[in-house]
Amino acid sequence: REDLKEEQKIKDEEFKQLKGQLKENDIKIEEGLRLLDGDFMQYRKLMEFFMEYQEEYMRQIVLSLLVDNNPGVLARVAALFSRRGMHTLKSNAKAIGAIHLYEIAKEMEDRGKQKDMEYIMSAYNLLKLEWGRVFKASREFIEQTKNVLFDQKKEEEKEVLKVAEVEIDEI
């Protein structure tokens, strides 16, 4: 929504640039904003959450896939893909508008439930590639929008000072 974008001090040209950079990495910011009723700062927080949480999860996946063909270990790997972690990746990807990553994570989650290790092992590199692109774009987005957050806080502080000045003048 335009009114929220204006309130949060996002200039149209900055927004278009951010949108273009995210789109290059298969992230549709408008999808994420749609789910958040246009709240840009909430979207930014989701991007931060994605970066923090998903980095550790991907480390766990990498470690779990460095296994031999031990059936017990492979069963645990399949469980990892079918349970909460892949579901969370899928949900977080959709929330930030990373639709391609969402679709891959959904398929991996389904294949994990089926214990389809051949598919999981083969498709893992695609998941890792897409996750890496989204992670990199998220990191760049957070870096580029630090000023937006800073500017918004400055504006809020100015408003508080104005209110305080009015109250003091009334005394």
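User: What is the relative accessibility of Arg111?

Analyst: This is a predicted model, in which local features need pLDDT of at least 70 and side-chain atom pairs count only at pLDDT 80 or more, whereas totals for chains, interfaces and linings use all residues. Residues are numbered from 1 along each chain as its sequence is written, and side-chain values use heavy atoms, with hydrogens and water left out. On the scale used here, buried means under 20% relative accessible area, exposed over 50% and partly exposed in between, for a 1.4 Å probe and protein chains only. Arg111 counts as partly exposed, its relative accessibility being 22%.

User: Which residue forms a salt bridge with Arg111?

Analyst: A salt bridge requires a side-chain nitrogen of Lys or Arg within 4 Å of a carboxyl oxygen of Asp or Glu. For Arg111 the closest N and O atoms of the pair are 2.8 Å apart, and the partner is Asp116.

User: About how many helical turns separate Lys136 and Glu140?

Analyst: Lys136 and Glu140 form a salt bridge, with the closest N and O atoms 3.4 Å apart. Lys136 is partly exposed at 40%, and Glu140 is partly exposed at 33%. Because the two residues lie 4 places apart in helix H8 (residues 117-144), Lys136 and Glu140 are separated by about one helical turn.

User: Which helix supplies the largest share of the lining of the largest cavity?

Analyst: The structure holds 1 cavity of 30 Å³ or more, and the space in the largest cavity is about 50 Å³. Its lining consists of Leu18, Gln21, Leu22, Asn25, Ala137, Glu140, Phe141 and Gln144, which by class are 4 nonpolar, 3 polar and 1 charged residues. Helix H2 (12-24) and H8 each supply at least two of the lining residues. The largest share, 4 residues, comes from H8.

User: Which residues does Asn92 touch, leaving aside those up to four places away in sequence?

Analyst: Asn92 is found in helix H6 (residues 84-96), and its relative accessible area of 10% makes the residue buried. With contact taken as heavy atoms within 4.5 Å, the residues that Asn92 touches are Phe49, Phe50, Tyr53 and Gln54.

User: What distance separates the C-alpha atoms of Leu126 and Leu101?

Analyst: Leu126 has its place in helix H8 and is partly exposed, with a relative accessible area of 41%. Leu126 and Leu101 are 25 residues apart along the chain, and their C-alpha atoms are separated by 9.2 Å.

User: What percentage of the residues in the protein is buried?

Analyst: The protein has 9 helices and 0 strands, where helices (H or I, at least four residues) and strands (E, at least two) are DSSP runs numbered from the N terminus. Among contacts with a separation of 6 or more, residues 24 or more positions apart account for 69%. Of the 171 residues in the protein, the buried share is 39%.

How values were computed. On a 1 Å grid over the protein atoms alone, a cavity is a set of points where a 1.4 Å probe fits but cannot get out, and a pocket is an open set with protein on both sides within 12 Å along at least five of seven lines; lining residues have an atom within 4 Å of a point. Grid points are joined across faces, edges and corners, and a volume is the space filled by probe spheres set on the points. Ala, Val, Leu, Ile, Met, Phe, Trp, Tyr, Cys and Pro count as nonpolar, Asp, Glu, Lys and Arg as charged, and the others, Gly among them, as polar.
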